[in-house]
Amino acid sequence: MTTINAAADAASEVLRISMDAKASVKIGPFARGGKSRVPVQAADHDFTPEATVTPVGLFLPATDELFVYHVTSKVTSDCVVDRLEQWWMAHKERFAHITTVVLNLDNGPENHSRRTQFMARLLAFVRAQGVSIRLAYYPPYHSKYNPIERCWGILEHHWNGALLDSLDAVCGFTATMTWKGIHPVVELVATTYTTGVTLTKEAMAAVEAQIARLPHLEKWFVDIPCPSTMAG
């Protein structure tokens, strides 16, 4: 992992992105621990939350830029790839020179390399956007080394002691945190995602035929090459 990340950071045509979803947050008058400078009255029981929101983050280690998407639906494979796609479409002109994106991920249930819908969506992204993707996963109990995890720690410290009693409050507290002096870009995502979307064995076999897995580490390092890059 260290070798792959270092090579990515050293190559001008490669962009490394760290992605992860933080634990879901209950929206309501719930105590969150921590300390506040002003008195905060929280409910003494955790009643049914008004809603839940899951922060999905995208972090650029080379420039310390953080982008946070607060998702009100279940985070699925489609949701994760949609956030990558949403970010890329907003910034691709800035990264027009990039030929390969290295994605640092944990091996979570919705984004692991055997998740059929996740892999199919990434293959479609590669074809549509003309960039190759290299998946570089952190193994179990090592996801804390994924760079974005440090950002989540700062966010948790930032809003501890506060009442996250509305979506506006969640987005507002996120927008006012800083990582190395930089505020994140924050967006709310209200799309509803369907769970349990999978490919047939035949469809997944067609996907597998177009990707390359590192021998003996097939789950952890996967290349999804762009056909135009291969041709060149």
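Leaving aside neighbours within four places in sequence, with which residues is Ala8 in contact? In this predicted model, the contacts of Ala8 beyond four places in sequence are with Val14, Arg16 and Val102, contact being defined as heavy atoms within 4.5 Å. Ala8 is placed in helix H1 (residues 2-10); helices (H or I, at least four residues) and strands (E, at least two) are DSSP runs numbered from the N terminus. The relative accessibility of Ala8 is 5%, so the residue counts as buried. The classes of exposure are buried, under 20% relative accessible area, exposed, over 50%, and partly exposed in between (1.4 Å probe, protein chains only). The C-alpha atoms of Ala8 and Ala62 are separated by 9.8 Å, the two residues being 54 apart along the chain.

Residues are numbered from 1 along each chain as its sequence is written, and side-chain values use heavy atoms, with hydrogens and water left out. Because the model is predicted, local features need pLDDT of at least 70 and side-chain atom pairs count only at pLDDT 80 or more, whereas totals for chains, interfaces and linings use all residues.

The mean pLDDT of the protein is 91, and 90% of the residues reach 70 or more; pLDDT is the predictor's confidence in each residue, from 0 to 100. Over residues 36-45, pLDDT stays under 50, and the model has 10 contacts beyond four places in sequence for this segment. The secondary structure comprises seven helices and nine strands. The radius of gyration is 19 Å, close to the 17 Å given by the globule rule for 232 residues, so the protein is as compact as a globular protein of that length. This radius is taken over C-alpha atoms, and the globule rule is 2.2 Å times the number of residues to the power 0.38. The C-alpha trace spans about 65 × 40 × 35 Å along its principal axes. Of the 232 residues, 45% are buried. Contacts joining residues at least 24 apart account for 73% of those between residues at least 6 apart in sequence.

Strand S5 (residues 100-106) is mostly covered, with seven of its seven residues buried. Thr100, Val102, Asn104 and Asp106 point one way from S5, while Val101, Leu103 and Leu105 point the other way. Strand S1 (residues 14-21) runs parallel to S5 and is joined to it by five bridges, pairing of two strands requiring at least two DSSP bridges between them. Within this pair, Asn104 of S5 stands opposite Ser18. S5 also pairs in the parallel sense with strand S6 (residues 132-138), over seven bridges, and Tyr137 in S6 is the bridge partner of Leu105. From S5 the chain crosses to S6 through helix H3 (residues 116-129) in a right-handed β-α-β crossover. Right-handed here denotes a path from the first strand over the helix to the second that runs clockwise with the strands pointing away from the viewer.

The largest nonpolar core has 48 residues, and those with the most contacts inside it are Ile17, Trp87, Leu103, Ile133 and Leu135. H3 supplies the largest share of this core, seven residues. Such a core is a set of buried Ala, Val, Leu, Ile, Met, Phe, Trp, Tyr and Cys residues joined through side-chain atoms within 4.5 Å. Beyond four places in sequence, Trp87 touches Leu15, Ile17, Leu58, Leu60, Phe67, Tyr69 and Phe95. A second, separate core of 15 residues includes Ile27, Leu66, Trp152 and Trp159.

Helix H3 also contains Gln117, which is buried with a relative accessible area of 13%. Residues touched by Gln117 beyond four places in sequence are Ser77, Asp78, Val197 and Leu199. In helix H5 (residues 167-176), the buried residues are Ala169, Val170, Cys171 and Thr174. These pack against strands S2 (25-27), S3 (51-60), S4 (65-71) and S7 (185-189) and against helix H4 (148-159).

Most residues other than glycine have a negative phi. Lys180, in the loop between H5 and S7, has a positive phi near 50° and is exposed at 60% relative accessibility. His216, in the loop between strand S8 (212-213) and strand S9 (221-224), has a positive phi of about 75° and is exposed, with a relative accessible area of 75%.
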